[in-house]
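This report describes a protein model one part at a time. Keep the sequence and the structure in view while reading.

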Amino acid sequence: MRDLTYPPIIVACKAAFRLLGQKIDMTGTEHVPRTGGVLLAVNHVGYVDFIYGGLAANPSGRKVRFMSKRELFDHRYTGPLMRSLHHIEVDRGAGTASYDTAVEYLRSGEAVGIFPEATISRAMELKEFKTGAVRIAAAAGVPLIPVVLWGTQRMMTKDHPRDFSRGKTILIRVGAPQHPDGADPVAETTELRAAMSRLLDEAIAEYPAAEQPPGAWWVPASHGGSAPTLDEAARLDAEEKVRRAARRAEKDEQR
């Protein structure tokens, strides 16, 4: 793929990290192969996760093509950018096309990123996973790499104001590759989620205590924070889904 946009974007992002005084703490990046197709499964706690998730493959010299929601491609500004970076459009109402594109990318030797939770976790811990990640990796015959981000939610996530103040630590933890064969996607997805859950627990425990006070809004309730529980987050997600459906119906009526 011709990448005219991706290299300068990477340079600009790294410059932004320095301007923001961010400490990027990465471990396990050696698990990302330097060549050949590879699928990165990344947890989802904030709107900038695709930027930092891509960093996991940067030491290996890879550019990650993320599977992202259609709305980003439909937007007048982000659409051209997403297409220039060769990200993969996901239409949640018709996922076959994005599945096929991801498999095609992987078979041609690309690095692809996927969020198995599909949407941002308000609970700041792992939601239930879709089976798409293991099915795509199995169909393409490529390794599946678990990746966990921690700290990105402090900048931009659901239900909270943006905060790009200086000095934040961002943890990126990369786990050992898995090799699903697709024989039992549910069991293999459970294995993937367990591996990412362990990485997330480690990341939360290793995060600088000075930046992660007890009761922080962006820390899971199960770790002493005040983020919604998974059940509470599920209720908020359902309410948001109803509001979005109402807005779409209203727009349709106005056309």
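## A pair of strands

The model is a predicted one. In it, strand β6, residues 144-150, pairs with strand β7, residues 169-174. The two are joined in the antiparallel sense over four bridges.

## The whole sheet

How many strands form the open sheet, and in what order do they stand? The sheet has seven strands, in the order β1-β7-β6-β2-β5-β3-β4, and their pairing is mixed. β1 (23-27) and β4 (88-90) stand at the edges. Each of these has a single partner strand, so one side of each is left without a neighbour in the sheet. On average, neighbouring strands are turned by 25° against each other, with direction ignored.

The largest nonpolar core has 36 residues. Which of its residues touch the most other members? They are Leu39, Met67, Ile136, Leu144 and Trp150. At least two residues of this core come from each of β2, β4, α5, β5, α6 (132-140), β6 and α7 (185-206). The largest share is that of α7, which supplies six residues.

Not counting residues up to four places away in sequence, Ile136 touches Leu39, Met67, Tyr99, Ala102, Val103, Leu106 and Ile114. There is also a second, separate core, made of 24 residues, including Leu40, Ile145, Met155 and Val174.

## Where two helices cross

Two packed helices are described by the angle between their axes and the distance between the axes. The axes of α6 and α7 come within 8 Å and cross at roughly 110°. The two helices are therefore roughly perpendicular to each other. On the α6 side the residues are Ala133, Val134 and Arg135, and they meet Pro185, Glu188, Thr189 and Leu192 in α7. By class, this contact has four nonpolar, one polar and two charged residues.

Is Thr189 buried or exposed? This residue of α7 has a relative accessible area of 7%, so Thr189 is buried. Leaving aside neighbours within four places in sequence, Thr189 is in contact with Phe129, Lys130, Thr131 and Val134.

## Residues in the loops

Leu126 is placed in the loop between β5 and α6. Its relative accessibility is 4%, so Leu126 counts as buried. Apart from neighbours within four places in sequence, Leu126 is in contact with Asn43, Glu117, Arg193, Met196, Ser197, Leu200 and Leu230. Leu126 and Asp49 are 77 residues apart along the chain, and their C-alpha atoms are separated by 14 Å.

Most residues other than glycine have a negative phi. His86, in the loop between α4 (78-84) and β4, has a positive phi of about 60° although it is not a glycine. Asp159, in the loop between β6 and β7, is not a glycine either and has a positive phi of about 70°. Asp159 is exposed, with a relative accessible area of 53%.

Conventions
Residues are numbered from 1 along each chain as its sequence is written. This is a predicted model: local features need pLDDT of at least 70, side-chain atom pairs count only at pLDDT 80 or more; totals for chains, interfaces and linings use all residues. Side-chain values use heavy atoms; hydrogens and water are left out. Two strands pair if DSSP finds at least two bridges between them. Axes are lines fitted to C-alpha atoms, for helices over the stretch in contact, and angles run from 0 to 180 degrees between N-to-C directions. A nonpolar core is a set of buried Ala, Val, Leu, Ile, Met, Phe, Trp, Tyr and Cys residues joined through side-chain atoms within 4.5 Å. Buried means under 20% relative accessible area, exposed over 50%, partly exposed in between (1.4 Å probe, protein chains only). Contact means heavy atoms within 4.5 Å. Angles under 35 degrees count as roughly parallel, over 145 as roughly antiparallel, 65 to 115 as roughly perpendicular and the rest as oblique. Ala, Val, Leu, Ile, Met, Phe, Trp, Tyr, Cys and Pro count as nonpolar, Asp, Glu, Lys and Arg as charged, and the others, Gly among them, as polar.
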